[in-house]
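Let's take a friendly look at charged side chains and how they pair up. Have the sequence and the 3D view ready as you read.

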Amino acid sequence: MVSKIKYISSTLILACLAMGANAKSLSIEKYQQAERQLDKHTSKLVIGTLDYPNWSEKNQLTYRSNTAQGQQFFVINTKTKQKKLAFDHQKLAKALAKITEKDVEQDKLPFKSFELLSETLISLAIAEQSYQCDIKNYSCQLKADVAKSNELVAPNGKLAVYIEQHNLWLRNLNDDSKTQLTTDGIENFAYATNNAGWVRGDKPVVKWSPDSKQLTTFRHDSRKVGEMGIVSTSVGHPTIDVWKYPLPGDEHIFKIHRVVINVEQATVTPLDMPADDHRSTITDHVAGRDGSLLDIDWSTDSRHFAFVSSTRDHKTATLKIADAKSGKVRTVLTETAKSFFESGVSGISWKYLDKSDEFIWFSQRSNWGHLYLVDAKTGKIKNPITQGDWTVLELLNVDQETGKLIFSAAGKEGDDPYFHYLYSINKDGSDLTLLTPEKKHHRITLSKDAKYFLDRVSTPNQPETSFIRSTRSKSGFIVEQMDITKLAATGWQAPTPFIVKDRNNEHDIYGLMYKPSDFDVSKSYPVVNYLYPGPQVGSIRGRHFRTARGDNQAIAELGFIVIEIDALGTPGRSKSFHEFYYQNMGDSGIPDQVAAIKQLAAQHSWIDSTRVGIWGHSGGGFASTRALLTYPDFYSVAVSQAGNHDNRNYADEWGEKYHGLLVKNEDGTTNYDSQANQLIVENLKGKLLLAHGTTDTNVPPYNTLVVAEALIKANKDFDMLMLPNRSHGFAREPYMMRKRWDYFVQHLMGATPPKEFVFGE
């Protein structure tokens, strides 16, 4: 018996060795073909693009386009429909090169900010210095009186504010004179501080009045808030970064003490109200992308302004009006949601109509996002403006004289509910007009006076056509037509849209599928599932045409079917759809991912649902690990990057909005246990690669390390890659991308990847 066992064991060992020796090796050519599907290669093969659009005050549109002659800037006159080069690119390049003492290649301009381009003047930031270029004379010079990156400019373009030693200062851009506006700011109780914990900035958070004589801001109170720390990797003493970062359940979070500042008199008037929790009605910060204070709308005469105070749990929003001179505050209305209140989908969508003493108010009280007209004196709803089983995405403009509103919306036209459209309507709810007729996705850029809009029309698999259209007559003309002839000639193919049902067979779920260009219907392909669970966005993020969506097609080229869907819990549809897993972030739409793949496998014999991998970054890093642990018999491989694996280790505004306030039970458990990946690591069966940047100040690396610690304690095999001195955005870094591809090739396909593949330039 013993000799027989030895014989069988020897045979198995030899068989395994033979299998290893004969294992499929993926060629370097496969990886090279995959690399050619990345945006840096595919985007060059398309002409007729329209990027970085910018409307001037005179309704001229300037933009950058990829042309047969390379990247060029154009300006369009909306009245004459004339299109011309915005300037002589080579003359300007030489002028810039002369003052910066840098060589400029023929088709490469040293621009850092394309958005600042206008027909006759460009302000540029080059080598951390600002330059002004006179396009008519093709001369450039160093310009001292342009705003710096840490300043926020007034509407008149003549003044800017910045922070120095915890206080707010004013700089006159004409003569560079400076005035101190506040004097009592101190560390951790400073003016206009730009810190939400997960993100920080040097630019002050303020909202200027229309007349540029006042601004409203706050003192940012973080005196009792807990700290976060990150340590760099270096030879010798590391750099230690410590800052205030509140977490769910903390007794103390950021508070904002609202004030009004008269910049002419340098006086500070506190608002007559308690400090607000550091919350806005739409995002995880009180500052917008440009640094402006959110949820503020000044009256046209600059004498008062409206604002919204939101509670810590995000459930209640209170609309108020403040007198800019006295600081007195009056409450107009309060709305409370059972889960979380939001004032829009794509952007804040309430508006103060001071001339008629009214408000446009966004609410999802009907389960759909709609606009309502509110009496500013009584807080009562005068009438619904929009209604129906579709959602307003963003209020873009209101003409107080005519009462005409312009807004984007989705779901009304009966096609893909994620396609965006533009509409106009009167504030009494009459004359709802569709301004974008094509049943496709519309990317809208409204002119400053709202008379025209740029309409970039496409779908994920249909190239973009760009129009300039009138918001009044609906007439328009084509500006650019995307030409993908060269791209298609390479064998490139667009993703395939599909529709399946959710886990409960109730809602239609929309997704995209990517197949290799050498797809063979007789083969069986393993599946790679890319996901980002939201809840603030979904996996697909925009239905417009792209030559590459991350590395989805690249991974498909290696021999996989790549699938991404927008599951239950993602925004842009009904309120109940969006809040589906409120207080249960461990769900993250994963059951819908599984249901979608199973349905697709039932429809297509070439999808192998017994070999399924999953990956994601940030929220997707959390969800991919979660999927491997909650569906260990379905998912066999996961690559999880920068995951917030336990939201008790992540920003308070995020977790407390979508999972609720932290509740501690007598037995030591909490309501956050249901989303903590480290508590279910014993379920691990498949292959798991955890990756995180060691200096990630958005999702601190301890989110991944607590999972690693639990896996070690459970004696589970896993792989981990800590990237030294990397912040949050390393998903597309070549090394990480190569490791991700290798991991799926090796553990999902069962093949050997080319060793240490090097990406080209």
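## What counts as a salt bridge

A salt bridge here is a side-chain nitrogen of Lys or Arg within 4 Å of a carboxyl oxygen of Asp or Glu. Side chains of opposite charge can pair when their charged atoms come close. By this rule, the count comes to 42 salt bridges.

This is a predicted model, in which local features need pLDDT of at least 70, side-chain atom pairs count only at pLDDT 80 or more, and totals for chains, interfaces and linings use all residues. Residues are numbered from 1 along each chain as its sequence is written, and side-chain values use heavy atoms, with hydrogens and water left out.

## A network

Which residues are linked in a network of salt bridges? They are R279, R312, D652, E653 and E656.

K427 and E358 form a salt bridge through their side chains, at 2.7 Å from N to O. This pair links distant parts of the chain, 69 residues apart: K427 is in the loop between β32 (420-426) and β33 (433-434), and E358 is in strand β27 (residues 358-363). Strands (E, at least two residues) are DSSP runs, numbered from the N terminus.

## Buried or exposed?

Buried means under 20% relative accessible area, exposed means over 50%, and partly exposed lies in between (1.4 Å probe, protein chains only). E358 is buried, at 5%.

R611 and D608 also meet in a salt bridge, at 2.8 Å from N to O. Here R611 is partly exposed at 25%, while D608 is buried at 13%. In the salt bridge of E756 and K755 (3.6 Å, N to O), K755 is exposed, with a relative accessible area of 70%.

Note on methods. Helices (H or I, at least four residues) and strands (E, at least two) are DSSP runs, numbered from the N terminus.
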